[in-house]
Amino acid sequence: VDLNGREERGKKDSVMSRLGSAPVKTEDSEHPSAAFDFDSRQVTSAHGHGDKNTLGAGGKVFMLDTQPFHIPVTPGGRHLRFDIISTWGDPHYVGLSGVEIFDSNGQKIEIVYDRISADPADINILPDYGNDPRTVDKLVDGYNRTCDDLHVWLTPYTAGRHHYVFFDFGRSRSLSMIRIWNYNKSRIHSYRGARYIEIMLDERPIFKGEIQKAPGMLQGAEAYAENILFTTDDEVLCAIEEHDMQDPNICPSISESHAQHEVEAPLAERPKTAGRRDGRDVG
């Protein structure tokens, strides 16, 4: 009996289970580059709503692709772009808490603040704002498991329009995984999180689909981070696992000081009695 082989397979299965929706090899003779597809969740452009059209402000409609999307293997490029098409229900704002990107060796790619931008930039473009801390650079500040306004990004949302986040790696990099932490301020405000998202690398699509809504609380938030895998290579997965075991966002018990830095928002909030003239909740 090959006990060592069984043990290694067990470790890999454990890592894949923890990382979430893992790609599974498929046979595709017509499209050899489309080597992976998800088995645990449908990855399509259908929003999960059963309707390929999204009606936006002014009657603008997105015609969404309803064909299953195949995840590429370790795609390479320099410029990464997120396009957030919908939220989990909030009609006015969309946001994220953090983004982590891993290279083809399973090492985290560090993104410096001047190499990330967004369009719309953030809520400071609105008339009643100007110094709100929820700017796009917070997505790479390392505080991903958070309910704190100081460590998240929030921008105006308009249904039927694009909402972009841009990353510049400085040089071409091959990717093994992208982890997205959705907006997690509170249970109510978690509906501002991104739902349907498309990701491009050097103008080539590498992901189209729905990402998980955050729970709106610190406890267990790490389980709701969306892991988009581009490999099933054992060594790469083990490298990601080693990183995660030292990351207080994934293993909060590692650093009590990191956890104490956060102040969890209320689990449920009464709507504000005084809001903006346009009806948007400014919380």
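**Notebook: contacts, strands and core of a predicted model**

I began with Asn249, where a polar atom of the side chain lies 3.0 Å from the backbone nitrogen of Asn144. I count as a polar contact a pair of N or O atoms within 3.5 Å; within protein, one must be able to donate a hydrogen and the other to accept it, and residues adjacent in sequence count only if both atoms are side-chain atoms. The model is predicted, so I required pLDDT of at least 70 for local features and 80 or more for side-chain atom pairs, while totals for chains, interfaces and linings use all residues. Residues are numbered from 1 along each chain as its sequence is written, and side-chain values use heavy atoms, with hydrogens and water left out.

**Entry 1: buried loop residues**

I placed Asn249 in the loop between H2 and helix H3 (256-261). Helices (H or I, at least four residues) and strands (E, at least two) are DSSP runs, numbered from the N terminus. Asn249 is buried, at 2% relative accessibility. In these notes, buried means under 20% relative accessible area, exposed over 50%, and partly exposed in between, with a 1.4 Å probe and protein chains only.

I next looked up Thr231, which sits in the loop between strand E12 (226-229) and helix H2 (234-245). Thr231 has a relative accessible area of 7% and is therefore buried. Its side chain reaches the backbone nitrogen of Asp233 at 3.0 Å.

His151 belongs to the loop between E7 and strand E8 (153-156). At 9% relative accessibility, His151 is also buried. Which side chain does His151 join in a polar contact of 2.6 Å? I found that of Asp141. I also noted that His151 and Gly98 are 53 residues apart in sequence but 8.1 Å apart in space, C-alpha to C-alpha.

**Entry 2**

Strand E5 (residues 76-84) pairs with E10 in the antiparallel sense over five bridges, and Met200 in E10 is the bridge partner of Arg81. E10 also pairs with strand E11 (residues 204-210), again antiparallel, over six bridges. There Glu198 has Lys208 in E11 as its bridge partner. E10 and E11 form a hairpin with two residues between them.

**Entry 3: strand E12**

I checked E12 for covered faces and found Glu226 and Ile228 buried on one side, with Asn227 and Leu229 buried on the other. E12 runs antiparallel to E9 and is joined to it by four bridges. Ile178 stands opposite Ile228 in E12.

**Entry 4: nonpolar core**

I took a nonpolar core to be a set of buried Ala, Val, Leu, Ile, Met, Phe, Trp, Tyr and Cys residues joined through side-chain atoms within 4.5 Å. The largest such core has 33 residues, and those with the most contacts inside it are Leu80, Phe82, Phe167, Leu175, Ile178 and Ile199. At least two residues of this core come from each of E5, strand E6 (93-103), strand E7 (116-119), strand E9 (164-182), E10 and E11. E9 gives the most, with six residues.

**Entry 5: backbone geometry**

Most residues other than glycine have a negative phi, and most peptide bonds are trans. I therefore listed the departures from this pattern. In the turn of the E10-E11 hairpin, Asp202 has a positive phi of about 50°. Glu203, in the loop between E10 and E11, has a positive phi of about 70°. Is Glu203 buried or exposed? At 57% relative accessibility, I recorded Glu203 as exposed.

Thr74, in the loop between strand E4 (61-63) and E5, has a positive phi of about 30° although it is not a glycine. Thr74 is partly exposed, at 29% relative accessibility. Finally, I noted a cis peptide bond from Asp119 to Pro120, with omega near 0°. Pro120 lies in the loop between E7 and E8.

Terms used:
Two strands pair if DSSP finds at least two bridges between them.
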